[in-house]
Amino acid sequence: MTFREEMSGVSAEIIDALGESATYDDGAGPRAITVVFDPAVIGVNPYTGESVNTAPIAFAKTSDVPNAKHKDTLIVAGIVYEILKAEDDGHGMTTLTLGKL
């Protein structure tokens, strides 16, 4: 087994262990998937005093969202998000940057 294959397995295990239910819709109809969700953060940079805003992010198995793209939707905890950007890490996990609809 190659390193890449092993990492894909690890990514799936992390999402299964730490994830929560979500509904993904790419236009072909909604389907249930599991994601690790990181909500938006508004805070202050302790070094500069500047405000810091981050977008909500969800980590999904690439096999669950193989063609994720801008304008697809993800529902987490009853809140509907639009996918702004999808980045496949090449190891079985895709990072979805979200915007609340």
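Lys 61 is buried, at a relative accessible area of 17%, a value under the 20% limit for that class. The model in which this residue is seen is a predicted one.

**Salt bridges**

The partner of Lys 61 is Asp 16, and their side chains meet in a salt bridge with an N to O distance of 2.7 Å. Asp 16 belongs to helix α1 and Lys 61 to strand β5, so this pair ties together parts that lie 45 residues apart in sequence.

In total, the model holds five salt bridges. Three of them are listed here.

| Salt bridge | N to O distance |
|---|---|
| Asp 16 – Lys 61 | 2.7 Å |
| Glu 82 – Lys 71 | 3.5 Å |
| Lys 85 – Glu 87 | 3.8 Å |

The pair of Glu 82 and Lys 71 links distant parts of the chain, with Glu 82 in strand β7 and Lys 71 in the loop between β5 and β6, 11 residues apart. Glu 82 is buried, at 15% relative accessible area, whereas Lys 71 is exposed, at 57%. In the pair of Lys 85 and Glu 87, Lys 85 is partly exposed at 43% relative accessibility, and Glu 87 is likewise partly exposed at 41%. Side chains of opposite charge can pair when their charged atoms come close.

**Nonpolar core**

The largest nonpolar core comprises 15 residues, and Ile 33, Val 35, Leu 74, Leu 96 and Leu 98 have the most contacts inside it. Two or more residues each are given to this core by β1 (20-25), β2 (30-38), β5 (57-61), β6 (73-76), β7 (79-88) and β8. Strand β2 supplies the largest share, three residues. In soluble globular proteins, nonpolar side chains tend to be buried together.

Leaving aside neighbours within four places in sequence, the contacts of Leu 96 include Ile 57, Ala 58, Leu 74, Ile 83 and Lys 85.

**Thr 94 in strand β8**

Thr 94 lies in strand β8, which covers residues 93-100. With 3% relative accessibility, Thr 94 counts as buried. The side chain of Thr 94 is joined to that of Thr 62 by a polar contact of 2.8 Å. Beyond four places in sequence, the residues that Thr 94 touches include Phe 59, Val 65, Glu 87 and Asp 88.

**Surface patch**

A nonpolar patch on the surface is formed by Val 10, Ile 14 and Leu 18, which together have about 260 Å² of accessible area. Val 10 lies in helix α1, residues 3-18, and counts as partly exposed at 36% relative accessibility.

Methods. Residues numbered from 1 in each chain as written. Predicted model: local features only at pLDDT ≥ 70, side-chain atom pairs only at ≥ 80, totals over all residues. Heavy atoms only, no water. Helix = DSSP H or I, 4+ residues; strand = E, 2+ residues; numbered from the N terminus. Buried < 20%, exposed > 50% of the residue type's maximum accessible area, 1.4 Å probe, protein only. Polar contact = N/O pair within 3.5 Å; in protein donor to acceptor, adjacent residues only side chain to side chain. Contact = heavy atoms within 4.5 Å. Core = buried A, V, L, I, M, F, W, Y, C linked by side-chain atoms within 4.5 Å. Patch = residues over 30% accessible without salt bridge, like charges linked within 9 Å, V, L, I, M, F, W, Y side chains within 5 Å. Areas by Shrake-Rupley, 256 points an atom, 1.4 Å probe, with all protein chains shown as cover. Salt bridge = Lys/Arg side-chain N within 4 Å of Asp/Glu carboxyl O.
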